[in-house]
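Hi,

Here is the structure I promised to pass on. Have a look at it first, and then read my notes below.

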Amino acid sequence: MNDEIIKAKDFIENKECKKALDLAKKMHRKDRINDYLEILDLLIAEKYLPAFEEKGQYYLYFDENHDNGDYGEKYFNQYLEIQPHSINLICSKAMALSYKDLNKSIKLMDKALKSYDNFSEDEKPRITEEDIWMGKIELLVKKNDKKETVVELNNFEKEYPDNPKMILYKGILLSETGEDENALKYLETSLKRDNTILALNAKGNALYNLRRYSEALEVYNKCISHEKEVDDLDIKTNFNSKAAFSAIELENYNEAIKYLNKTINMLNEHGRLKNDLEKIYRQCSFEKERLLKQYNIQDRKFSRFKFLSSKTALILLILFIIGYFILTYLGY
């Protein structure tokens, strides 16, 4: 038994459980996970509620296997058996369930919202009612229930019209449900506050749907310039493929081939694709073959490097020669 475990036992025997929990957290920061979990188990044996929450949060956010897919729900349930009206733990359990059953997760968020005004005085919520409501909306977004999400966003907007996440999500949802002109208003507001790839991608989609292809291509190119910051394959596929289709609509077939090749190669690297990405892959492959057969263009790869135009190159050459003679005249 090491010194930290002995120290934790002494804290617990002296009813100083918070000090023992602080010591456990210190072990976590030092990546001494076995000591961290052992101290938590000692505290759990004493029915110290914050230890149940801490261990659940560990399996929800930090453990690679998430306690074999439990995501900390077991410990959140044990906490709620002792303190069933805890808003904090109801929300934590909802997050754990979001990986397994979105419908149950959303119902729990509803329960937290309905219980918010009657929370237990023994444990005031650490999370605001606004954040809980937005948490429910994000679960609806994850569920991909557009109809219910739009209704919820409209109700949310009446109470919190300046919430940045609401503005972003409403812009995205309006575009996805065919209200692109209205969507652009929300997305422009969102981009003024925070220039996110989600808002940029959605703005490109809205412009594309409105057949404003030149503007859409400009926005998609901005997305591509930040591509290294994006992990979501669906989003990367969208702005790369839509850049290609925008270029086709603009009859810029040489550029279109580059974007098509980039999208095809990117998806090839990921092996087996889900149905919607497989559909985009086929569309891009078909368009590439059609353009190569129908138009006299080269099969080019996408590149950010661009050669200078002849006019620009000539001007730079003249400036170089003038500079050379000036320096020679000055004795350099």
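**What I found**

Let's start with two neighbouring helices. On the H2 side, the residues that meet H3 are Cys-17, Ala-20, Leu-21, Leu-23, Ala-24, Lys-25, Met-27 and His-28, and their partners in H3 are Ile-33, Asp-35, Tyr-36, Ile-39, Leu-40 and Leu-43. By type, the residues of this contact between H2 and H3 come to 11 nonpolar, one polar and two charged. H2 covers residues 17-29 and H3 covers residues 33-45; their axes come within 7 Å and cross at roughly 160°. That angle makes H2 roughly antiparallel to H3, since anything over 145 degrees counts as such. The crossing of H2 and H3 is left-handed.

One thing to keep in mind before going further: this is a predicted model.

**The whole protein**

So what is it built from? The protein has 18 helices and zero strands. There are 332 residues, and 45% of them count as buried. The accessible surface comes to about 20000 Å², and carbon and sulfur atoms hold 49% of that. If you take the contacts with a separation of 6 or more, 50% of them are between residues 24 or more positions apart.

**Two partners for H13**

Next, go to H13 (residues 197-209), which packs with H12 (residues 180-193) at an angle of about 155°, the axes being 9 Å apart. H12 and H13 are therefore roughly antiparallel to each other, and their crossing is left-handed. From H12, the contact uses Asp-180, Leu-184, Leu-187, Glu-188, Ser-190 and Leu-191, while H13 brings Ala-199, Leu-200, Ala-202, Lys-203, Asn-205, Ala-206, Leu-207 and Asn-209. Sorted by type, the residues of the contact of H12 with H13 are eight nonpolar, three polar and three charged.

H13 also packs with H15 (residues 233-249), at an angle of about 30° and with the axes 11 Å apart. This crossing of H13 and H15 is left-handed too. Here Ile-197, Leu-198, Asn-201, Asn-205 and Tyr-208 of H13 meet Ile-235, Asn-238, Phe-239, Lys-242, Phe-245 and Ser-246 of H15. The residues of the contact of H13 with H15 split into six nonpolar, four polar and one charged. You'll find Asn-205 in the contact with H12 and again in the contact with H15.

**A helix on the inside**

Which residues of H7 are buried? They are Ile-87, Asn-88, Leu-89, Ile-90, Cys-91, Ser-92, Lys-93, Ala-94, Ala-96 and Leu-97. That is 10 of the 11 residues of H7 (residues 87-97), so this helix is largely enclosed by the rest of the structure. The cover over the buried residues of H7 includes H4 (49-62), H6 (73-82), H8 (102-115) and H9 (129-143).

Glu-53 is worth a click while you're there. Glu-53 sits in H4 and counts as buried, at 11% relative accessibility. Leaving out residues up to four places away in sequence, Glu-53 touches Phe-76, Tyr-79, Leu-89 and Arg-126. Leu-89 is also one of the buried residues of H7.

**Another buried residue**

Leu-173 belongs to H11 (residues 164-176). Leu-173 is buried, with a relative accessible area of 6%. Residues up to four places away in sequence aside, Leu-173 touches Lys-146, Thr-149, Val-150 and Leu-153. Take Lys-146: 27 residues separate Leu-173 from Lys-146 in sequence, yet they are 6.9 Å apart in space, C-alpha to C-alpha.

**Two positive phi values**

His-66 has a phi near 50°, which is positive although the residue is not glycine. Arg-211 is also a residue other than glycine with a positive phi, near 65°.

Where are they, and are they buried or exposed? His-66 is in H5 (residues 66-69) and is buried, at 18% relative accessible area. Arg-211 lies in the loop between H13 and H14 (213-225), and Arg-211 is exposed, with a relative accessible area of 66%.

Notes:
Residues are numbered from 1 along each chain as its sequence is written. This is a predicted model: local features need pLDDT of at least 70, side-chain atom pairs count only at pLDDT 80 or more; totals for chains, interfaces and linings use all residues. Side-chain values use heavy atoms; hydrogens and water are left out. Axes are lines fitted to C-alpha atoms, for helices over the stretch in contact, and angles run from 0 to 180 degrees between N-to-C directions. Helices (H or I, at least four residues) and strands (E, at least two) are DSSP runs, numbered from the N terminus. Angles under 35 degrees count as roughly parallel, over 145 as roughly antiparallel, 65 to 115 as roughly perpendicular and the rest as oblique. A crossing is left-handed if the near helix is turned anticlockwise from the far one by less than a right angle, and right-handed if clockwise. Contact means heavy atoms within 4.5 Å. Ala, Val, Leu, Ile, Met, Phe, Trp, Tyr, Cys and Pro count as nonpolar, Asp, Glu, Lys and Arg as charged, and the others, Gly among them, as polar. Buried means under 20% relative accessible area, exposed over 50%, partly exposed in between (1.4 Å probe, protein chains only). Accessible areas come from the Shrake-Rupley method with a 1.4 Å probe; for residues, only the protein chains shown count as cover.
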